[in-house]
Protein chains: 2
Amino acid sequence: MTPDNQLEQSIVEIARRARSAAQKLAKASSAQKDEGLRVIAANLRGRTSPLLQSNRKDVERAKQAGLTSALIDRLTLTKKRIEAMAAGLDEITRLPDPVGEVTRMWRRPNGLRIGKVRVPIGVIGFIYESRPNVTVDAAGLCVKSGNAIILRGGSEAIESNSAVAEVVALSLGQAGLPEDCVQLLRMTDRAAVNIMLKLDEYIDLIIPRGGKPLIKLVVENSMIPVIMHYEGICHTYVDEFADLDMAETICMNAKVQRPGVCNAMETLLVHSRVAEEFLPRMCKSYTDASVEIRGCDKTRKILPKAKAATDEDWRTEYLDLILSVKVVDSIDEAIEHIARYGSAHSDAIVTENYRRAQQFIEEVDSSAVFVNASTRFNDGFEFGLGAEIGISTNRLHCRGPMGLEELTTYKYIVYGNGQIRQ
Amino acid sequence: MTPDNQLEQSIVEIARRARSAAQKLAKASSAQKDEGLRVIAANLRGRTSPLLQSNRKDVERAKQAGLTSALIDRLTLTKKRIEAMAAGLDEITRLPDPVGEVTRMWRRPNGLRIGKVRVPIGVIGFIYESRPNVTVDAAGLCVKSGNAIILRGGSEAIESNSAVAEVVALSLGQAGLPEDCVQLLRMTDRAAVNIMLKLDEYIDLIIPRGGKPLIKLVVENSMIPVIMHYEGICHTYVDEFADLDMAETICMNAKVQRPGVCNAMETLLVHSRVAEEFLPRMCKSYTDASVEIRGCDKTRKILPKAKAATDEDWRTEYLDLILSVKVVDSIDEAIEHIARYGSAHSDAIVTENYRRAQQFIEEVDSSAVFVNASTRFNDGFEFGLGAEIGISTNRLHCRGPMGLEELTTYKYIVYGNGQIRQ
């Protein structure tokens with residue numbers, strides 16, 4: 001057998017075990033699944049030292065490889081971070097189990113009772129990069145929603161992920177659930193990913209979390225449906241009828257509160273009738289917060305020190321303290337700009353005008369459209385949906401926060417008493 | 001420019017126009033969209049002769065090419081069939097518009113009001129084979145649900161499809177809707193499909209309808225999400241506690257009423273405790289209806305004239321008057337057989353026992369699970385959902401009948417009054 005065949009066979013074997021585990025997990029009660037999560041949490045807390053030891057190997061390797069301090073920080077586990085992972089699982093146990101919920105039921109004229117019931121998706125392939133805490137979050141959400149998960153983390157975190165996944169699998173076994181519900185793929189090369197993406201017989205959904213090249217690779221090669229988190233080029237449009245104090249507060253929050261995340265604002269659109277009043281004061285606050293501004297020509301007439309924005313800027317997710325600013329002459333121009341350059345993630349209008357608010361809500365087609373609120377609210381916790389495995393930029397199956405409900409699909413159940421089709 | 005580049009450019013141009021049309025259509029009112037459908041229906045009725053003329057060219061070509069009479073029948077338009085196409089559109093105008101429906105809305109502790117609203121998917125690529133009536137059905141459903149559609153029909157029906165698509169586009173224009181909402185791809189070779197499958201910037205969803213090779217080609221090559229209709233290997237399990245008269249009626253209906261469709265039964269599972277009583281009488285009815293039976297060893301002890309079923313039979317969607325029959329010793333064996341060989345389409349149990357019914361409903365994971373009813377009911381009309389563009393065998397986005405609601409996705413709308421994230 002060639003090494004390639006061996007690799008393929010071992011991945012197929014993992015996927016087959018995941019399928020079988022998923023079928024058992026789908027029948028587990030909410031109480032059993034919650035017990036599984038509680039045992040994982042207890043074992044994480046009880047095995048803090050060996051987990052830290054495994055993590056140290058990854059961190060050492062990362063330092064020798066010269067990774068940036070930001071990456072090393074993301075990779076590093078501490079006692080506190082392990083406690084946070086365990087607390088996250090406790091949190092998931094408190095969320096309602098989506099599986100089995102009958103979302104609708106009706107009666108047909110012929111007497112058939114037809115219902116739609118939530119069921120688990122099945123087997124999820126989760127491809128992610130370095131943070132070891134993601135391993136636990138994803139496993140917890142999948143187990144609670146009745147899905148088996150195959151974890152394929154980055155090579156930088158392999159020791160930490162292996163140690164964590166081992167604790168998880170062992171805990172599931174202790175709780176009477178199939179250990180194979182959560183399996184880690186130890187092969188961290190791209191070839192392994194490519195094999196995984198073809199196993200549509202065993203895997204129902206691929207969720208990639210990571211940089212653009214990884215996601216592109218997955219979308220181009222997957223025969224399995226993919227729910228991805230691509231990018232968040234989020235806008236705030238300050239309308240001519242905005243309360244400018246509110247606008248300043250919201251724009252500050254949307255850009256500065258956590259600039260490195262997907263729902264942070266990347267482009268500010270300002271109506272020309274208020275630009276001369278609004279931009280100088282906004283600019284002062286941004287400058288105090290070290291935000292670099294790149295403006296259109298009209299912006300630079302008002303803010304002469306601002307750099308010039310290029311067409312590329314409107315398409316860029318900075319994930320940093322940089323903001324592109326454009327002055328527009330109408331709400332229509334703002335909406336057109338968002339449709340053209342945005343990524344349909346999170347977009348907001350600030351206005352006191354009812355019609356403008358309604359037009360923006362109707363015509364902007366993003367996963368979340370906000371009136372008078374910060375784009376930073378596009379988040380499972382903030383929406384009240386509980387923990388999330390990511391924010392989907394897909395249009396299908398789910399958009400925006402992907403929590404427990406979004407980790408399920410449905411089936412129809414039909415109760416008859418002998419009906420046949422005419 | 002090479003011919004390949006030219007082909008690509010013209011398909012990109014069609015897709016770009018579809019995207020632009022979709023953005024306008026998304027804003028159209030229900031009344032405007034219904035008016036569009038009514039104008040299409042009127043024009044189909046008014047142009048019956050030229051449509052029949054175009055169709056005759058396809059039929060002639062098909063005859064010369066020696067296509068089977070079944071295929072030629074599917075391809076042939078008649079006055080009655082054109083009237084049925086128009087009547088189908090009238091039917092769609094009477095269905096509720098799914099777009100804009102707020103399916104949920106709630107208030108967060110910080111005062112944000114968050115709602116989930118149905119919005120169109122966007123641009124749909126519809127790849128199908130010969131029936132020209134499908135062209136109108138698909139166009140009607142897409143327009144009503146606010147989606148632009150790119151139709152790529154089979155080469156056999158190119159004249160008919162072109163004539164129909166022309167009437168549709170012209171009618172949309174007359175009704176004040178963008179003509180490019182419905183466009184026909186006249187390039188009927190596979191190269192055109194392959195180009196289309198890469199245009200994820202412009203096309204949001206691909207729906208292939210046709211044989212397995214076509215669907216496989218699409219799934220393997222698409223960078224765009226695919227909702228497919230793969231196959232229906234549907235089972236009816238006659239439990240030991242079945243009312244055998246009811247079982248006979250249901251099994252007859254599920255196999256014979258229309259054997260060539262996806263929700264027809266392909267495999268009958270019978271509990272061993274009732275097999276000796278049930279199989280001979282069932283077999284008599286089937287024989288009268290010209291159904292060929294292929295049985296397991298136990299079946300053949302009871303029905304010595306039955307052919308032997310091979311492992312391949314359990315995996316086969318006959319779409320014909322052929323039925324595989326297996327005697328099982330328990331409901332668990334029946335459920336395991338369905339999980340192993342079925343296609344998760346439509347499966348039924350016949351039983352008077354409450355626990356057995358509930359176990360079957362819980363543990364069989366098919367798009368529709370029936371108790372005491374024919375699998376033939378897995379259908380948009382029969383479920384009361386209205387017309388359908390197909391029955392999805394995907395697990396994600398939608399399972400089972402894909403009607404107007406399933407042709408939408410959602411966005412979150414968030415009404416605030418200055419909230420920022422802490």
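By what turn, and with what RMSD, can chain A be laid on chain B? A turn of 180° and a shift of 0.0 Å along the axis do it, with an RMSD of 0.0 Å. The superposition is by least squares on the C-alpha atoms of residues with pLDDT of at least 70 in both copies. The two copies are thus related as by a two-fold rotation axis. In chain A, the C-alpha nearest that axis belongs to His397(A), 1.9 Å away.

Some ground rules. This is a predicted model: local features need pLDDT of at least 70, side-chain atom pairs count only at pLDDT 80 or more, and totals for chains, interfaces and linings use all residues. Residues are numbered from 1 along each chain as its sequence is written, while chains are lettered from A and ligands numbered from 1 in the order in which they are written.

Now, where do the chains meet? 57 residues of chain A are in contact with 57 residues of chain B. Contact means that C-beta atoms, placed from the backbone, lie within 7 Å. Strand S16 (408–419) of chain A gives the most to its side, with 11 residues. Helices and strands here are DSSP runs, numbered from the N terminus: helices are H or I, at least four residues, and strands are E, at least two. Both copies use the same surface: 100% of the contact residues of chain A recur in chain B.

One pairing crosses between the chains. S13(A) and strand S16 (residues 408–419) of chain B run parallel, joined by 5 bridges. Strands pair if DSSP finds at least two bridges between them. Within this stretch, Phe370(A) stands opposite Val414(B).

Next, a sheet inside chain B. Which order do its 4 strands take? The order is S5-S4-S3-S6, in an open sheet with parallel pairing. Strand S5 (182–184) and strand S6 (205–209) stand at the edges with a single partner each, so one side of each lacks a neighbour in the sheet. On average, neighbouring strands are turned by 20° against each other, direction ignored. Axes are lines fitted to C-alpha atoms, for helices over the stretch in contact; angles run from 0 to 180 degrees between N-to-C directions.

Look at S3 (residues 123–128) of chain B. S3(B) pairs with S6(B) over 5 bridges, in the parallel sense. There, Phe126(B) has Ile207(B) as its bridge partner.

Technical notes. Two residues are in contact if their C-beta atoms, placed from the backbone, lie within 7 Å.
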